[in-house]
Amino acid sequence: MLRESIDRYTADHYSFEQRWKGLRSAYRYSESAWSDYADMGWLALRLPEHMGGMAAGANATSQLMEAVGAKLLLEPILASVVLGTGLVLKRADASQQAELLPKLADGSLKLALAHQESLNAGAEERIACEYRNGSLYGSKIAVLHGDCADRFIVSARNAGAAHRVSLYLVDAARTNVTWQNFSLLDGRGAANVRFHGASAEPLAAAGPADADAIALADSLQEAAVALCSETLGAIHALNLATNRYLKERKQFGKPIGANQVLQHRMAQMYMLEQEVRALNLAAQRALTGPSDGRDRIISGARAYACGAARRIAAEAVQMHGGIGTTDELDVSHYYRRLMVTGTLFGNRDFHLARFAAAGMPA
Amino acid sequence: MNAAVLERVERLRAEIREFVRTTLPTDILHKSSRHLMLGKDDYVRWMQSLQSRGWAVAHWPREYGGMGWSTLERFVFEDELGRAGCPWIIPFGVKYVGPVIYTYGTERQKQRFLPPIATAEEWWAQGYSEPGAGSDLASLRTTAERDGDAYVVNGQKCWTTYAQWADWMFCLVRTSREARPQSGISFLLIDMRSPGVTVKPVRSMDLCHHVNEVWLDNVRVPVENRVGEEGGGWTLAKFLLVNERTYGSGLGESKFAFERLKQLVAGQNGELGDTALHDRIIELDLRLFALECVSYQVLDDMAMGVETGAEASMLKVRASETYQDILEASVDALGYAGLAYDAQTLHGEALPHLGPDDTAGILRYHLYNRAATIYGGSSEIQHNIIAKSVLGL
């Protein structure tokens, strides 16, 4: 049912032409679409039912993310709905949740996860950012939707607690926070953020000493699965477009799809999509399944999806020919989006290494 | 997959492992796990040991002596046996012609042919390909002309695996000339002892004898040995080919070969030594993982009745290519040990020339499996099928 409502909405309100308006807005997404998402309950997807949410599991989140990929939605769903809300649910205490969750649900509060510090997308991130005496010091880069976020959730080492990785809330409007906004390859916004003594509030739910680090790792796995689903949506859309183009475009007096070389390459793209579809479902199941083998399944799925996306996107441009290389056609937008998707929260190399490490006998 | 199905499948896996450990003749497993050549007697004992549990034909309906297994159960069965390094399940009787006979055959045909297939008392061969009809199977030219209560068959079949051991051959023949080459084909069961049947060996690139030419010279075949309608053979041929591709994904064999590859590459400290091979192993591991996931997804979809018609093609392409690449990496891992080769030793106790005692077997399997992307519909044909059936190209 969620799936149908998403498809209906995006078909009516999120055509490629309508999307251009969002791209050209101040925060590079559509504010009106964002408030529609709130009205339809998408932003409260993960909230428990007594808070007006859908208590949705991995499957529903993935359905939403598939649509995000299929239509290249620009709004901060991954940043705020999946990661931000997810971390608040995992680690905020009751009074923090009472303050944050209603605003997350109605869209008036947008969160962004400020985690990445190094340029290396292929290795486990080593956090240097530090929290001491109530304040944060350090820099984060390429914070997805960091340009529009009202608050950041920041990973940092707690100087007062053996430098353990912990999570902090920082109001973006606070003093001693500076940032530099920029556009990602696909047109969405991001920011490099510096904290030089910004006052920060720990996520305060009770738990063992490493509860924040575990919650962060779990959230990054949720992000990996969400990005798999987004990738699936995007490559499905690309395959549909390319397959249609092969039938429409005529050269030498016949559709270019009459050429066996293109038929076989299209068949390859179809097979990759089917594999990503199966892996995406396996990854969703792994999120809620036994922890044994979870890393291997999720990272395997993500690594395979990254490789498939690269191939399919490149082939889509190639088979569309000259027009495929223009900004005018959606194909190039999918291409650039998949470049971003393929790097965020760990690229193919990163996940391949994790997949391999998890597969080796102890 | 629901919990009850999962539990049944897990129980089956445990039973199969137990069977491999306790019941399977050890001399056979010794040979097959080193890719040595098995003789007819080895294969018959292998198939009969499977049938001692009813497993050789467990995928058949109960009324014909099977256990009514689902496609999933059959898949898990082959996966487990393959993973353990068991021999090839000779498919021609139990997987190919058996289902054709119980689906399309007469009562008499079922009674005559099904029991000795199940017990491996009769060996079957597959008479499909011809010198001029490989990928374009429908252009086959072997003719069968009606003469009273018999057909008189003339022509030549090729790539006929283990025809040298066969008692029977199921055969596609042309019973009439029609505009559409697919029309006018019939499905005959030919007694290999009939006068006019000549089997000539063809040596494969592994220097062993697997395949043959079968010459048919005025061979009389009783009309009662035709399965299905005269001219309706193409339907049966396609039915069989889809079974061949679905069951033939060989996931277990690939896993067995992959585990061996990892051992080969592991150095003295148990570390993966060669960096380039190490990277290839990880990529192959990922492909195997994807193949496994998509295989079970397809089985799930089939159980739900959601099929596009391209699933078997997809699995065949992916499985055969992955298997070939694992074997290719294994040959690279052998290095200089992979240079010496003596096909004779593969028929007896292989003496290592250089390297581990399965060296010659790995080389042989690599060579033999060049055919994996050609038989059962080449990779190119599978791509054509996908392009046509789901992409509408």
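## A tour of chains A and B

The centres of domain 1 of chain B and domain 3 of chain B, taken over C-alpha atoms, are 20 Å apart. The model is a predicted one, in which local features need pLDDT of at least 70, side-chain atom pairs count only at pLDDT 80 or more, and totals for chains, interfaces and linings use all residues. Residues are numbered from 1 along each chain as its sequence is written, while chains are lettered from A and ligands numbered from 1 in the order in which they are written.

**Chain B.** Select residues 3-89 for domain 1, 124-231 for domain 2 and 248-389 for domain 3; these bounds come from an automatic or database domain assignment. Next, display the contacts between domains 1 and 3 of chain B: 15 residues of domain 1 meet 18 residues of domain 3, a contact being a pair of C-beta atoms, placed from the backbone, within 7 Å. The domain 1 side of chain B that touches domain 3 comprises five nonpolar, five polar and five charged residues. Here Ala, Val, Leu, Ile, Met, Phe, Trp, Tyr, Cys and Pro count as nonpolar, Asp, Glu, Lys and Arg as charged, and the others, Gly among them, as polar.

**Chain A.** Most residues other than glycine have a negative phi. Select A:Ala142, where phi is positive, near 45°. A:Ala142 belongs to strand β3 (residues 135-144) of chain A, strands being DSSP runs of E of at least two residues, numbered from the N terminus. A:Ala142 counts as buried because 20 C-beta neighbours lie inside 10 Å; the cut-off is 20 or more other C-beta atoms within 10 Å for buried and 12 or fewer for exposed, with C-beta atoms placed from the backbone.

A:Phe252 is exposed, with 8 other C-beta atoms within 10 Å.

Conventions. Contact = placed C-beta atoms within 7 Å. Helix = DSSP H or I, 4+ residues; strand = E, 2+ residues; numbered from the N terminus.
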